[in-house]
Amino acid sequence: MGIRRDSPKNSPSKKTTLKHLFDLDPKPYVGSPLPSPRRGGGGTDYEHDGILSAISYCNSVFTFTDPQESPSQQDLKRLKLMDVVSLLKSPKKPLQEQLLSPLMSMVSVNLFRPLPPPSKTSIVSALPDDEELSTFTPLWPHLQLVYDILLRLVLNVDSKKLKDYIAHQFIRNLLYLFQSEDPRERESLKNVFHRIYSRFTSYRSFMRKAMNDVFLHYVFETEKHCGIGELLEIWGSIINGFGVPLKEEHKLFLMRVLLPLHKPKGLQVYHRQLAYCVSQFVQKEPALGGVVVRGILRYWPITNCHKEVLLIGELEELVENIDPDQYRTLALPLCSRITRCFNSCNSQVAERALYVWNNEQFVKMASEAMEEVFPVVVEGMEKNLKLHWSKSVKQLTENVKAMLEEMDPPLYDKCLREIHHRESEAHREQVKRQQKWDQIETAAAKHSHFLQPTKTICVSSH
């Protein structure tokens, strides 16, 4: 009769799949996943072991400068780091708690390293328009992913669980890395540090004090640090959240830390962030304007023209937020400094100082003490018109002079008369002084033979 063939219902064909076999069972399967022939164990255990293996491999640190390092191993580590990042990005799979310790250990091994000595262009490289001169670390292909891992851990893991790993020493180590000359690393550090400050409320006081220590060490010890701008950006967001009235601790921070930061010669690197922090304080409490203005005037540069331009702009912005009750007391010191600036031989400083008079709030402040301010300003403008070498400065001075003459013509004329009187008095004193010198020289010429030594001639007897 021949060989009997089973029907498809009675015998599995080549097209039968594992899913089809499960579907044949009317009872649903309950319990742990079935072992895969290739895995040899539960899928979850396999994934856990695979992640642990990847994390363990990432503990090996490559310098990217050693010729004995294998590029293939460097690429393999980068791929494994990307796998860890994708795991942390997955919203469906929460991170297992037992993976937290090896992950944080791997992050510490890769990030906390000795930094190379600062290069000669460390200050220049931090300037916003000179990124081509920045020193980029060769480790960045790995560091970028490690920072991403740390950021996602801080954002997604319960802060109570992370407290065992992110402690005071961890925060100090992060602060040390802000000295890196690579702007990409400092930007990543800024994001991580700010997120830690936001989530770990019990660490906030310690973190503020630790950042203040960095600032004070920079101002009074080294004047060398690449991350001052990034730290001030963090402080800017912190200050923005301060309540009013401000605490005494925060006012002391303004007076003892922020104002002295105007002193170092590297101010231009972080001035934008510093000015924002200072203005936030004055906006919250306008009465602090007097303290801030006097503090900036105290640290005014003598030979650094670029810093002068920056500080003139900062003072102009502060005037708009200062309490009007302080206008009269601040008008004379502010206008005196602005006058010395528009008498500067540097045309950029002079022009920037003259443009301040276009600010309505500044003019309003000056008008509060016109009797004290006008003599100083008018004398400075007359000096500019007579002696300054720049035609553009002289033209701007003429414009300011015309504006001031319209404000109070009698007072302006009075100031001019006083200037001419002082000049004539000075000229008369100079003439008298010259006449006295002429008399002394004439008297000395008449009696010159008494002062000259007698000449003797020695004749030899030989």
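Predicted model: local features only at pLDDT ≥ 70, side-chain atom pairs only at ≥ 80, totals over all residues.
Residues are numbered from 1 along each chain as its sequence is written, and side-chain values use heavy atoms, with hydrogens and water left out.

Helices (H or I, at least four residues) and strands (E, at least two) are DSSP runs, numbered from the N terminus. Helix H4 covers residues 100-111, and its end C-alpha atoms are 16 Å apart, which agrees with the 16 Å that its 12 residues should span at 1.5 Å a residue. The expected span of a helix is 1.5 Å times one less than its number of residues. The buried residues of H4 are Leu100, Leu103, Met104, Met106, Val107, Asn110 and Leu111. Because these buried residues fall within an arc of 155° when H4 is seen down its axis, they line one face of the helix. The arc is that of the directions from the helix axis to the C-beta atoms. Buried means under 20% relative accessible area, exposed over 50%, and partly exposed in between, with a 1.4 Å probe and protein chains only.

Helix H21, residues 409-446, has 38 residues and reaches 56 Å from its first C-alpha to its last, close to the 56 Å expected at 1.5 Å a residue. Leu411, Tyr412, Cys415, Leu416 and Ile419 are buried in H21. The cover over the buried residues of H21 includes helix H19 (370-387) and helix H20 (391-407).

The aromatic rings come next. A pair of aromatic rings is described by the distance of the centres and the angle of the planes. Rings of Phe, Tyr and Trp (its six-membered ring) pair if their centres lie within 6.5 Å; planes under 30 degrees apart count as stacked, over 60 as edge-to-face and the rest as tilted. The whole structure holds 11 aromatic pairs. In one of them, phenylalanine 178 and phenylalanine 193 have ring centres 5.9 Å apart and planes at 85°, so the pair is edge-to-face. This pair links distant parts of the chain, 15 residues apart: phenylalanine 178 is in the loop between helix H8 (168-177) and helix H9 (183-199), and phenylalanine 193 is in helix H9. Phenylalanine 178 and phenylalanine 193 are both buried. Phenylalanine 200 and tyrosine 203 form a stacked pair, with 5.6 Å from centre to centre and 5° between the planes. Both phenylalanine 200 and tyrosine 203 are buried.

Charged side chains also meet rings. The charged end of lysine 163 sits over the ring of tyrosine 203, 5.7 Å from its centre, and lysine 80 lies over the face of tyrosine 57 at 5.8 Å from the ring centre. A charge sits over a ring if NZ of Lys or CZ of Arg is within 6 Å of the ring centre and within 35 degrees of the ring normal.

Ring pairs link Trp235, Phe242, Phe253 and Phe281 into a cluster. The C-alpha atoms of phenylalanine 281 and asparagine 240 are separated by 8.6 Å, although the two residues are 41 residues apart along the chain. Asparagine 240 is in helix H11 and counts as partly exposed at 45% relative accessibility. Leaving aside neighbours within four places in sequence, asparagine 240 is in contact (heavy atoms within 4.5 Å) with Tyr276, Gln280 and Lys284. Glutamine 280 belongs to helix H13, residues 267-284, and is buried at 7% relative accessibility. With residues up to four places away not counted, glutamine 280 touches Ile239 and Asn240.

Finally, the backbone deserves attention. Most residues other than glycine have a negative phi, and most peptide bonds are trans. Phenylalanine 64, however, has a positive phi of about 65°; this residue is in the loop between helix H2 (43-58) and helix H3 (71-89) and is partly exposed, with a relative accessible area of 26%. Glutamate 223 likewise has a positive phi, near 55°. Its place is in the loop between helix H10 (204-222) and H11, and glutamate 223 counts as partly exposed at 25% relative accessibility. A cis peptide bond, with omega about 5°, joins valine 244 and proline 245. Proline 245 lies in the loop between helix H11 (228-240) and helix H12 (248-258).
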